[in-house]
Structures are given as C-alpha cells and as structure tokens.
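Dear colleague,

I am passing on to you the structure we spoke of, with the sequence alongside. Below it you will find my notes on what turned up when I went through it.

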Amino acid sequence: LGIVLVAINPYEQLPIYEQDVIYAYSGQNMGDMDPHIFAVAEEAYKQMARDEKNQSIIVSGESGAGKTVSAKYAMRFFATVGGSASETNIEAKVLASSPIMEAIGNAKTTRNDNSSRFGKYIEIGFDKRYHIIGANMRTYLLEKSRVVFQAEDERNYHIFYQLCASSSLPEFKDLGLSKYWNLPVNLLAV
C-alpha cells in the first residue's frame with residue numbers, strides 16, 4: 001500500500017515536466033512539494049535504494065487519461081536521477097518497441113480517436129549504484145471483445161481498416177491474405 005496520485009491529462013504540453021522540475025523533485029521527501037508524477041517516482045526510487053527491494057508504480061485510468069505519457073515521464077525521471085539519461089536514453093529505447101504493437105492495438109473509442117487497447121508492464125533494471133542497466137516491456141491485449149463486437153460510435157482496431165483499405169495495393173498480394181478479404185466496399189467507410 002502506498003501513495004496515490006490523481007493526475008489529469010491537459011491534452012497539451014506544459015512546462016511542468018522539464019529537466020529542471022526533475023531536479024527539483026529529486027531528493028525531496030513525499031509531501032514536501034506539490035503532488036506530481038516525479039514525486040511518486042522519487043519515492044519509489046528512494047525506497048528501492050534504501051530498502052534494496054523492488055518497487056512498483058501502477059499507472060491506471062480510462063481511455064485518454066494519459067497513462068502512457070505518465071509512464072514516459074516516470075522513466076525519464078529514473079533515467080535522469082539514475083545518471084543514465086544521456087548514456088542510454090532509456091525512455092526512447094523502452095518505448096521503441098511500442099509502435100508496432102500500438103499500430104496493431106489502437107482503436108477509436110468515444111473519448112479517444114487513437115486509444116491503445118494494450119496494457120504495458122515495464123520492468124526497469126538497476127545496478128548496485130542505482131543506474132539503469134536495462135528494461136523490458138511486455139504488452140497484453142486488454143479488450144479482446146473488440147475483435148468480435150463494435151460499440152456504437154466506436155471503431156475496432158485501426159489495423160483492420162488499414163488492411164481493408166490497402167487490399168488492392170500490389171504489396172498486399174505478397175501477404176497471402178487476398179482470399180480472406182472479400183468484404184463489402186462500404187465497410188471501409190466505417
């Protein structure tokens with residue numbers, strides 16, 4: 001049981017996630033500064049170093065709440081305070097594996113036109129000096145029901161529509177899927 005931070009996605013970049021803000025929260029005690037994702041990350045980092053035990057940060061919320069962005073900010077914090085930001089660019093490396101999965105796993109909901117339907121479990125490894133030495137990201141499909149059901153005003157996985165729209169392209173023939181794509185043309189407008 002630990003700290004809970006409620007954050008709101010402002011849908012625009014704000015100067016509250018810059019490098020100087022990371023340094024302002026680094027080394028501070030929880031509650032000494034305003035609530036922030038960096039305060040939560042600092043508390044986990046300090047407890048990891050002090051107790052030499054694994055820590056977890058759970059980022060939860062509904063579609064469009066900013067979960068992926070919050071996870072990126074936490075990773076940026078760890079990379080910076082762990083002395084790894086310039087050495088490994090861990091945030092970019094961990095998230096580099098995400099675009100292919102996101103391209104397949106995003107769908108339109110009533111609140112977000114490009115909502116990820118994947119959950120992510122990210123493990124970040126630290127050495128004895130608490131520097132990041134690696135990371136692993138596992139993804140898992142959250143909404144399998146979208147494969148067989150589509151709610152009103154929503155759209156199933158984008159990749160399905162992209163495949164349908166590209167079925168007449170010469171590159172599509174190489175995929176060997178032509179026999180599966182005898183779909184009505186009006187479906188592509190959905």
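**The nonpolar core and its aromatic residues**

Of the 16 residues that make up the largest nonpolar core, those touching the most other members are Tyr 17, Tyr 25, Ile 37, Phe 38, Tyr 73, Phe 77 and Phe 78. At least two residues of this core are supplied by each of helix H1 (19–25), helix H2 (37–51) and H3, and the largest share, six residues, comes from H2. Please keep in mind throughout that this is a predicted model. As general background, nonpolar side chains in soluble globular proteins tend to be buried together.

Tyr 17 deserves a separate word: leaving aside residues up to four places away in sequence, Tyr 17 touches His 36, Ile 37, Phe 38, Tyr 73 and Arg 76.

Turning to the rings, a search of the whole structure finds eight aromatic pairs. One of them joins Phe 77 and Phe 78, and this pair is edge-to-face because the planes of the two rings stand at 75°, with their centres 6.2 Å apart, where an angle over 60 degrees is what counts as edge-to-face. Both Phe 77 and Phe 78 are buried. Phe 78 also forms an aromatic pair with Phe 126, again edge-to-face, at 6.0 Å centre to centre and with 90° between the planes. Since Phe 78 lies in helix H3 (residues 67–81) and Phe 126 in strand S3 (residues 118–126), this pair ties together parts that are 48 residues apart in sequence. For Phe 78 the relative accessible area is 10%, so this residue counts as buried, the limit being under 20%.

Taken together, Tyr 17, Tyr 25, Phe 38, Tyr 45, Tyr 73, Phe 77, Phe 78 and Phe 126 form one aromatic cluster.

As for the chain as a whole, there are eight helices and five strands, and read along the sequence they follow the pattern α-α-α-α-α-α-β-β-β-β-β-α-α. The chain has 190 residues, of which 30% are buried. Among the contacts in the chain with a separation of 6 or more, 47% are between residues 24 or more positions apart. The chain exposes about 12,600 Å², and carbon and sulfur atoms supply 54% of that area.

With best regards

Conventions: Residues are numbered from 1 along each chain as its sequence is written. This is a predicted model: local features need pLDDT of at least 70, side-chain atom pairs count only at pLDDT 80 or more; totals for chains, interfaces and linings use all residues. Side-chain values use heavy atoms; hydrogens and water are left out. Rings of Phe, Tyr and Trp (its six-membered ring) pair if their centres lie within 6.5 Å; planes under 30 degrees apart count as stacked, over 60 as edge-to-face and the rest as tilted. Buried means under 20% relative accessible area, exposed over 50%, partly exposed in between (1.4 Å probe, protein chains only). Helices (H or I, at least four residues) and strands (E, at least two) are DSSP runs, numbered from the N terminus. A nonpolar core is a set of buried Ala, Val, Leu, Ile, Met, Phe, Trp, Tyr and Cys residues joined through side-chain atoms within 4.5 Å. Contact means heavy atoms within 4.5 Å. Accessible areas come from the Shrake-Rupley method with a 1.4 Å probe; for residues, only the protein chains shown count as cover.
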